[in-house]
Amino acid sequence: MAIDIRDEQSIAVAKLYYESDMSQQKIAEVLNLSRPTVSRLLRYAKEQGYVNIKISDPVESMAVLENRLQIKYGLEIVKVARASMETVIEQKKAIGKLAAEYLVNIVKDGDIIGIGWGSTLYEMAKRLPVKPLPHTKVVELKGGISLTSNKTYAQEILDSFTQAFSAEGRYLPLPVMFDTVEVKDIVYKDKFIKHILQLGRDANIAVFTVGSASEGSTIFHLGYFINEEERQRIASSAVGDICSRFYDADGKICEPDLDARTVGITLSDLKKKQSRILLAGGKHKVSAIKAALCGKFATALVTDQYTAKLLLA
């Protein structure tokens, strides 16, 4: 391709402008050109392809991930947070912040919000902005009493929600799992407990996360009775848990006897809710998130960019 004087001038001007960060007025003085001529030469350089401008928009890249996840998993809403690093704590912080912003935008006075527990929800709860909704109710979807020093953050999460929304809060003052079905059935007959469980079923918004079903999962370290045979079956068939109910890759309950001892909302009742917001991130939870999304337990997903790419892989 022949290069004439105009091409040479436009390339020289472009290098001074884009690479040396020189103003158009300064370029005009240095090259003894008029200011309008410099402007025309810059435009000519772009038209000839000598200059290619690429804008990296982090907001747009998040939007692309959100759209792809929405299509792949048939979700109504996807929010992808930008975590500063691919570490569990930074991912949880980013997810929690974005989830708090999303919930505040959609919740209306009079809604009933059902909540799970765990560190991801705790990061969200801490970041909820104040939005007084005095006719709103917040209820725990599962028991949150720990029998060990390991924290579920159940009380802290409910307190933060009720304070942010000036809402009425309802604890479910039970362990998430009883030793026997018989004990659970007796407790379920109490009218106060029945009222809270029904309020959880009536909630139109559910906010929850997933566990990984690995031995490191919180549920195994709260002092509840899960025998060795049950643990082995969970390890071989479960990919995760929602509200402490273990499910397989197809989203089916995989330990019915254990499920019968579990306190709180059933997964079938969870799926009846209008808005089901799943907060989760991290490599160790990808299988659990995928199965939860394929099982249609969530209508909305809040995750981070690292997890989003793994979910699309």
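Predicted model: local features only at pLDDT ≥ 70, side-chain atom pairs only at ≥ 80, totals over all residues.

User: What is the volume of the second largest pocket?

Analyst: On a 1 Å grid over the protein atoms alone, a pocket is an open set of points with protein on both sides within 12 Å along at least five of seven lines, a cavity is a set where a 1.4 Å probe fits but cannot get out, and lining residues have an atom within 4 Å of a point. Points are joined across faces, edges and corners, and a volume is the space filled by probe spheres set on them. For the second largest pocket that gives about 190 Å³.

User: Which helix gives the most to the lining of the second largest pocket?

Analyst: The lining has 15 residues, and Gly-144, Ile-145, Thr-152, Ala-154 and Gln-155 lie nearest the pocket's centre. Helices here are DSSP runs of H or I with at least four residues, and strands are runs of E with at least two, numbered from the N terminus. With 3 residues, the top contributor is α7.

User: Which residues line the largest cavity?

Analyst: The structure holds 1 cavity of 30 Å³ or more, and about 30 Å³ of space lies in the largest cavity. β8 and α11 (256-260) each supply at least two residues of its lining. By class the lining has 2 nonpolar, 2 polar and 3 charged residues. By name they are Ser-244, Arg-245, Phe-246, Glu-255, Leu-258, Asp-259 and Thr-262.

User: Why does the pair of Tyr-122 and Tyr-153 get the label it has?

Analyst: Rings of Phe, Tyr and Trp (its six-membered ring) pair if their centres lie within 6.5 Å; planes under 30 degrees apart count as stacked, over 60 as edge-to-face and the rest as tilted. The whole structure has 4 aromatic pairs. In this one, the ring centres are 4.3 Å apart and the planes sit at 15°, so the pair is stacked.

User: How many residues apart are Tyr-122 and Tyr-153?

Analyst: Tyr-122 is in helix α6 (residues 119-126), and Tyr-153 is in the loop between β3 (137-140) and α7 (154-165). The pair links distant parts of the chain, and the spacing is 31 residues.

User: What is phi of Tyr-153?

Analyst: Tyr-153 is partly exposed at 24% relative accessible area; buried means under 20%, exposed over 50% and partly exposed in between (1.4 Å probe, protein chains only). Phi is positive in this residue, which is not a glycine, and is near 65°.

User: What angle lies between the ring planes of Tyr-247 and Phe-297?

Analyst: Both residues are buried. Tyr-247 is in strand β8 (residues 245-247) and Phe-297 in the loop between α13 (286-294) and β10 (300-304), so the pair ties together parts 50 residues apart in sequence. The pair is tilted, at 5.9 Å centre to centre, and the angle is 55°.

User: Which residue lies over the face of Phe-297?

Analyst: A charge sits over a ring if NZ of Lys or CZ of Arg is within 6 Å of the ring centre and within 35 degrees of the ring normal. Trp-117 has Lys-142 over its face, at 3.5 Å from the ring centre. For Phe-297, at 5.3 Å from the ring centre, the residue is Lys-271.

User: Which residues does Ala-99 touch, not counting those up to four places away in sequence?

Analyst: Ala-99 lies in helix α5 (residues 88-106) and is buried at 1% relative accessibility. Contact means heavy atoms within 4.5 Å. The residues touched are Met-124, Leu-279 and Val-302.

Terms used: Residues numbered from 1 in each chain as written. Heavy atoms only, no water. Nonpolar A, V, L, I, M, F, W, Y, C, P; charged D, E, K, R; others polar.
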